[in-house]
Amino acid sequence: MITLVADPAFRLKRRWLGRERVRRGRVYCVGTAKSGTHSICSMFSGNVAAAHEPQARELIEKYFDWHEGRIDEGEFHEWLHGRERELALEVDSSWFNILILDFLAREFPDARFVLTIRDCYSWANSEFRRVLHNPSQDPPRIKMRKFLYESAGTPHLPEEQILTECGLYTLDSYLSRWTAHNEKVLATIPKERLFIVRTHEIGRRAFEIADYAGLPRHSVRPKHAHDYRNPVSRNIIRELDRDFLERKVAEHCRPLMARFFPEIKTLDDAKL
């Protein structure tokens, strides 16, 4: 859902001059799912033109049209430009933005990017909870997750039997995806256009994010920075073989963890 600013003068200006021409900023939150993308939208949504995962179904379907050869890259990019004009968002917060990250960075040089990053332990645990809470999703989302998570191509090992029982992908799939997503953002977006915030610090750094985005501080509602919480409390990650888990984290995630979460060296440090 897109929520527009409550300021009557701003709304009138957008109505008369067009939403695309009247923006105070163009910001894309490009973190993984379950890293705070919903929080970024919520803390602005009552005051700016903001949306969480806007037109997700359409974006996924069009992405696969391009990926599977039904349309060419030019047609895909033309559709993306039309989508941008239609949405005219000031804050577009969605993990699906990773699919079009190169396009966004190249086509909109005025755009700024926010990478919300969560430590790999609590992120994986939250992904597990998401499936338990909502195992059935619409077909495009299911197809996208299979496309991303099954690329690791490894079978479940005995140490992760709990993941099989819960209908989850392998630990290799989740942890390699966490690294691939974050590394893609870091490699694609120049440092001067990227604001990196750890998930648990979003509320505390809300005004910094607003300043970076070019949005007025009065548009920020820090108390809404943690609006979306997973209702499932089960910590599946603690049901995994501990040595196996730590080996997989070391294999897939340790460099980024050491860079962004130096204080978290094991699952116990994540305090789950």
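Begin with the whole chain, a predicted model, in which there are 13 helices and five strands; helices (H or I, at least four residues) and strands (E, at least two) are DSSP runs, numbered from the N terminus. Residues are numbered from 1 along each chain as its sequence is written. Local features need pLDDT of at least 70 and side-chain atom pairs count only at pLDDT 80 or more, while totals for chains, interfaces and linings use all residues, and side-chain values use heavy atoms, with hydrogens and water left out.

With the chain still selected, note that 52% of its 272 residues count as buried, where buried means under 20% relative accessible area, exposed over 50%, and partly exposed in between (1.4 Å probe, protein chains only).

Next, select Gln55, in the loop between strand E2 (50–52) and helix H3 (56–67). Although Gln55 is not a glycine, it has a positive phi of about 45°. Most residues other than glycine have a negative phi.

Move on to helix H4 (residues 73–87) and select Glu78, which lies in it. Is Glu78 buried or exposed? Glu78 is exposed, with a relative accessible area of 58%.

Finally, select Ala88, in the loop between H4 and strand E3 (91–93). Ala88 also is not a glycine, and its phi is positive, at about 45°. Ala88 counts as buried because its relative accessible area is 0%.
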